[in-house]
Amino acid sequence: MSINTTDSVDVFLQGEKEPSGSWIFIVIGFVFSLSFLVLYSILYPGQDLPVISDLVPVFSGVFDSGIWFFILGTMIGIFAILGRLLLEATSE
Amino acid sequence: MDTVLTTMFYFWISLFIVFFLVQRGLWIFSDVAKGTVSFMLEKALGPGSDLVEGRPGSGARSWILQGTLWLILGSMFTFTSMWLSHDPNALHSLASWGFVANADELASAGFYATLYGSVSMLVIGSGFHIIPKLAGTELASETNANLVSFVWTISVLILVIGSQNNIILGVEIIPLGTVVNSVALLAVILNQLLTVSNRTRKMALPGWLILIALLSNPLLSIISIISGAADDSVGQWLSYHLFGGAFFFAGVAGVALYASSIASGNPLWSKTLVGVTLFGTVLTINPFGDIHGQMVMEAFGPLAENNVVAFSNQDMLAASFLMALVSIPVFAFASNMLVTMRGSDAFVDSPDYPGNAELNLGSWLIVPIALGSLFVQTDTVSGTSELVGIADSLSVMAGWLVLVPLSLGAALSLYPELTGRHLFSNNRARWGYLMMTGGAIFGLSITMIADFMDMALVEMMVEDPSALSEELRKVGSVMFYGVVIGSILHSLNMVTGIFRGELITADSVKSSSISVESYSLVTSTTVRKILASGANLDTEVIPTGEDDEKGSATKL
């Protein structure tokens, strides 16, 4: 006895439009990774983070004012405009 | 005679002569001049003209988009200078790259980027669309307009670099930027004059406001040098304010008045008030801006000396009197804008459409800011100098709450006609407006409160700086960051709109309602829509019938 089921399409399918909620999962990913970094310092107090602890001192004295967060925001905005220009120019 | 009246007299006379020549032409030399200018604008550029497109509207589009991008840099420099005023060492790490950030120099860069980069480009770009429309002709050279926009941007970049380090390899950078800027402006003026010379109908007054704004800039430069005003402290102050009134205010008023009709769909309320605005901008001294002529001194470089501003009695009287008169064109402009936008119950276009809010904001705020500036400038001219402490904040307010909203609002209103598409998102434009307005109003008001506190402490001769004042400056600068975000949102919206904005349909095309003599009736419509397009009781409605004859192939 056989069960009639719908056969699979057997081709790769991908939507053209990006679902509006997809970015939420990226944000969740960032939040989790940040919380794991915090957890690391709780579980291993006094132990430096691998790789990151070597990189951070390179930037000490550079980003030591809150203004850099604002400048970073502006740079993201400018790159978003440039990215949009490049994307639209090459999309055809 | 004193400096103020002498310089003003030369300015009025030269402007009258130029206006007369524009109206009457150059007698038998008109055709030769037209041919020469036409050759200079296109053929003389050689292969340079092939670098850009010359499609209708491309010149205006290029200027407006670059002007919007300059908004981001202008707001960013201003924000950074506000931050450094309470935290001078915030960017000390950049010293390792050879850049020592300084609040005053960054504020100067912010002025150049905002006024010359953004406001000027938006006004000139809108002018490239408005003047041909009002003159009933095409722009003389779209290619030249497009190409020159990049020269202008380079000149502003040079000015911004010069504001940080004025002498590089022994060359004074700001005068160099001024020269490049003047060359670009000369090309713009020739292009517009050639367009006006081909006019097929009487040009409405907003077009003259834009043209006078463009012409006054080189005239003032020449007069400042010839009359010696450039080398005199009072003359520098006067030249700065005449530039502010005749170039910036007249230009912004011209594009804003045209856009108020376009944005609302209502006819421009009063021609007399536009005339009053036109004459007022030229005959009076505009009080917006700095209390010194530092920018003029930097622009003229070796031709100008650094002098301490000291007014003689005659200069003081003349300057105070001519500044007080500025309330006439300001009130005339604001009332004309607001009544035009309010209309007479014939507002067919959405009041929420991008550009309307900015135009409304600028029209409301120009009155209190002009009055505030009048008090501060009169205080300086009279030598009392009690309000000097708030001069910088008020000057930034005039830029970000009057000139930028009006020029940006006009550009946003003209955007659909220029690009053939609507903005990408009306919602994003609304957020851009809210962020810019909120950031500028709250950020600058809080900074001004800190200024008042510092002034009170100086008056009481308290030497220690107030901690509360420092905190307020911090809050003010953070709030001003909203302007940066708003600028980014507007720019992104306009750039994306060019590619993905909804295509405009015949129904949504707006037309200028400044002078409508006939209205072509293609399909059935309401009287409200006809009136809203600028028609009045004397407008001739012409029904355009359809042909039922059988068609055939077109003979070539």
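This is a predicted model: local features need pLDDT of at least 70, side-chain atom pairs count only at pLDDT 80 or more; totals for chains, interfaces and linings use all residues.

I looked up L169(B), which sits in the loop between β1 (167-168) and β2 (171-172) of chain B. Its phi is near 55 degrees, a positive value in a residue other than glycine. Buried or exposed, I wondered about L169(B)? L169(B) is exposed: I get 5 other C-beta atoms within 10 Å.

Next entry, S385(B). I found S385(B) in the loop between α13 and α14 of chain B. Here too phi is positive in a residue other than glycine, near 55 degrees. S385(B) has 14 other C-beta atoms within 10 Å, so I file it as partly exposed. I also noted G383(B), which follows α13(B) and has a positive phi near 85 degrees.

That took me back to α13(B) itself. The helix covers residues 356-381 of chain B, 26 residues in total. From first C-alpha to last I read 37 Å, close to the 38 Å expected at 1.5 Å a residue. Where does α13(B) kink? The kink is at I366(B), about 35 degrees, shortly before the proline P368(B). I also checked burial: 19 of the 26 residues of α13(B) are buried, so the helix is largely enclosed by the rest of the structure.

Then a helix pair. I took α4 (residues 103-135) and α14 (residues 391-419) of chain B, whose axes come within 9 Å and cross at roughly 35 degrees. The crossing of α4(B) and α14(B) is left-handed. On the α4(B) side, the contact residues include L115(B), V119(B), L122(B) and H129(B); on the α14(B) side, L403(B), A411(B), L414(B) and E417(B) are among them. By type, I have 11 nonpolar, seven polar and one charged in this contact.

Last, the other chain. Chain A has three helices and zero strands, and I read its pattern along the sequence as α-α-α. Of its 92 residues, buried ones make up 3%.

How many residues of chain B touch chain A? I get 17, in contact with 13 residues of chain A. On the chain B side, α3 (58-84) and α16 (467-500) each supply at least two residues. The largest share, eight residues, comes from α16(B). That side of chain B divides into 12 nonpolar residues, four polar and one charged.

Methods
Residues are numbered from 1 along each chain as its sequence is written. Chains are lettered from A and ligands numbered from 1 in the order in which they are written. Two residues are in contact if their C-beta atoms, placed from the backbone, lie within 7 Å. Helices (H or I, at least four residues) and strands (E, at least two) are DSSP runs, numbered from the N terminus. Ala, Val, Leu, Ile, Met, Phe, Trp, Tyr, Cys and Pro count as nonpolar, Asp, Glu, Lys and Arg as charged, and the others, Gly among them, as polar. A residue is buried if 20 or more other C-beta atoms lie within 10 Å of its own, exposed if 12 or fewer, and partly exposed in between; C-beta atoms are placed from the backbone. Axes are lines fitted to C-alpha atoms, for helices over the stretch in contact, and angles run from 0 to 180 degrees between N-to-C directions. A crossing is left-handed if the near helix is turned anticlockwise from the far one by less than a right angle, and right-handed if clockwise. The expected span of a helix is 1.5 Å times one less than its number of residues. The bend at a residue is the angle between axes fitted to the seven residues ending there and the seven starting there.
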